[in-house]
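Me: I have a new structure to look through. Can you walk me through a few parts of it?
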Amino acid sequence: MSKILENLRYADSHEWVSLEDGIATVGITDYAQHALGNIVYVDMPEVGDEVTAGEEFGAVESVKAASDLISPVSGEVLEINEELEDSPELLNEDAFANWIMKVKVSDASEIDNLLDAAAYSKICEE
Amino acid sequence: MKYYDKLIFELSRPGRKGYELPADEYGKDAMSAIPSELMRGTEAELPEVSELDVVRHYTNLSMKNFGVDTGFYPLGSCTMKYNPKINEEIAAMPQFTQLHPLQDEKGVQGALELYYNLQQALANIAGLYEFTLNPYAGAHGELTGLMVMRQYHLSRGDEKRTKVIVPNSAHGTNPASAMVAGLEVVEVKSKPNGSIDVEDLKPLLDDTVAGIMMTNPNTLGMFETEIMEIAALVHEAGGLLYYDGANLNPLLGKVRPGDMGFDIMHINLHKTFSTPHGGGGPGSGPVGVVEHLAKFLPNPRVRKNADGSFSIESDGESLGSVSSFLGNFGVMMKAYAYILTLGRENLKNVGPLATLNANYIKESLKDDYLLPIDGVCKHEFVFDGLKDKSTGVTTLNVAKRLLDYGFHAPTIYFPLLFHESMMIEPTETESVETLDEFIDVMHKVAAEARETPEDVKNAPLTTIVRKLDETTAAKNPVLTYRQLKSAAEK
């Protein structure tokens, strides 16, 4: 059974978001890292890039497959987790502690379109 | 089997030789016949070895190999059928191997006739008007086909058609080829049974769509029953239909892509037409089109003249060249030999037998392995791992355990529609005894997963190379001898 944190919002494409003071922290879920298996590379956007909700912002590559990362929010990338460049396996160790990017959101209401923990856990059970 | 991993350069000893150049046929010393300006100034860095060194080296290396000649190879989507040896004999005939591509047409009429006849045979089998045999492999054929698609729209002055629709279950080469052709990929969703969702397709079809790429049967081995409706919708929107020939084998002699409404397709001669592939030899990806697209096919082409002779021609409206000369001719000879060996009647049995074999395995194993899409499949099918998920044994573990029992693993973790995909394609060339052996071993592995799961998780246990560290291999690839040396010194 994968871990799901209560206080986060989720996309059905298995990204998590937490929003604080207009800044969204985005990562992939424990379910996603488990399904992907050993992660060997994270393709991240650059600081200053514009990302759009529902569109690709990077990719995660594992020994099994390469998977697009879909941004759950729109806005400007403020920061990326540079630790993942050398140590992508951190996502396997703890997918929630190791975020991928921080975004200055352009429309905070977008987060209302995302799932809460209960709704997301239903998707994972299916 | 002993472990052997030497490079032939490691066997080299200064001055050791395995040959002596003869005096040439004109009675002169062969070396002195080479003009001095063509002689190299420095010694070539070639291994200096004896004949015995060479024989042992390559024999040992070949014994590390697994191929269709050594065992059952149910690699889904790859059509690893037996490669008849008569193909090799024909392709090795010096009358063909000693031709030079720049030779005058008059001296190579036989080769051109073979090229022309193969092109005609493929056109008949596919239900299309004309083929080019120039592309070197499947993905190269896809690129060539998409270039034809693009050229067609541009020739009508329709520059806004830049989108190619690709199902989310497609072979990875489809979106990749579209990108290389300068087109934009738009994904269309699959229904739960794996076939294209026509309702999801409809809103995508506008005047920016160049065409759609499909394979039928799809990557789950299921026939796209709505193909006629899809073809009508795409054509109505002004787009073209591209058929990825990777899954042509089950249709051979039964259904023709041209009759299903496809305008362009490629055929993998190294799958459907029994020529070796993988490490076994180069591929060949002929591209066929309907009549109104024939003028866009790449140059050069082989044409039959009114007097029965053959010539190599180039057309002005062609998209250009995609190969040097006429492509991988040796592969074409093997495919042509295969078609003639089987003949029309036996070619028609290929598809049904491949389909029967796949369904036989599927039905025999679905008690132990999870079959997400039930029903009659074509030449291949997909399991979503073991049925009993409580053991923690994954598809990767099962695949590795199969190696211990002398079988090649199926394609794993593709298609991406399921988490534990295991894609099995037996082909028509396997006997029922081989299929039964495979089925027994798959049942045995499922039992081991329940009883002694650690054995399966640690597999392979008996191969000369044990479980590989794929994560480190992907993160720190050691690809050259120099890298290996420096890694070993550290």
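Predicted model: local features only at pLDDT ≥ 70, side-chain atom pairs only at ≥ 80, totals over all residues.

Reply: Residues are numbered from 1 along each chain as its sequence is written, with chains lettered from A and ligands numbered from 1 in the order in which they are written.

Me: How many helices and strands does chain A have?
Reply: Chain A has 4 helices and 9 strands, counted as DSSP runs numbered from the N terminus (helices H or I, at least four residues; strands E, at least two). Along the sequence the pattern is β-β-β-α-β-β-β-β-β-α-α-β-α.

Me: And what is the radius of gyration of chain A?
Reply: It is 13 Å, close to the 14 Å that the globule rule gives for 126 residues, so chain A is as compact as a globular protein of that length. The radius is taken over C-alpha atoms, and the rule is 2.2 Å times the number of residues to the power 0.38.

Me: Switching to chain B, which domains is it divided into?
Reply: Domain 1 (1-54), domain 2 (88-341) and domain 3 (350-474), with bounds from an automatic or database domain assignment. The centres of domain 1 and domain 2 of chain B, taken over C-alpha atoms, are 42 Å apart.

Me: How many residues of chain B are in contact with chain A?
Reply: 7 residues of chain B, with 6 residues of chain A; contact means C-beta atoms, placed from the backbone, within 7 Å.

Key. Contact = placed C-beta atoms within 7 Å.
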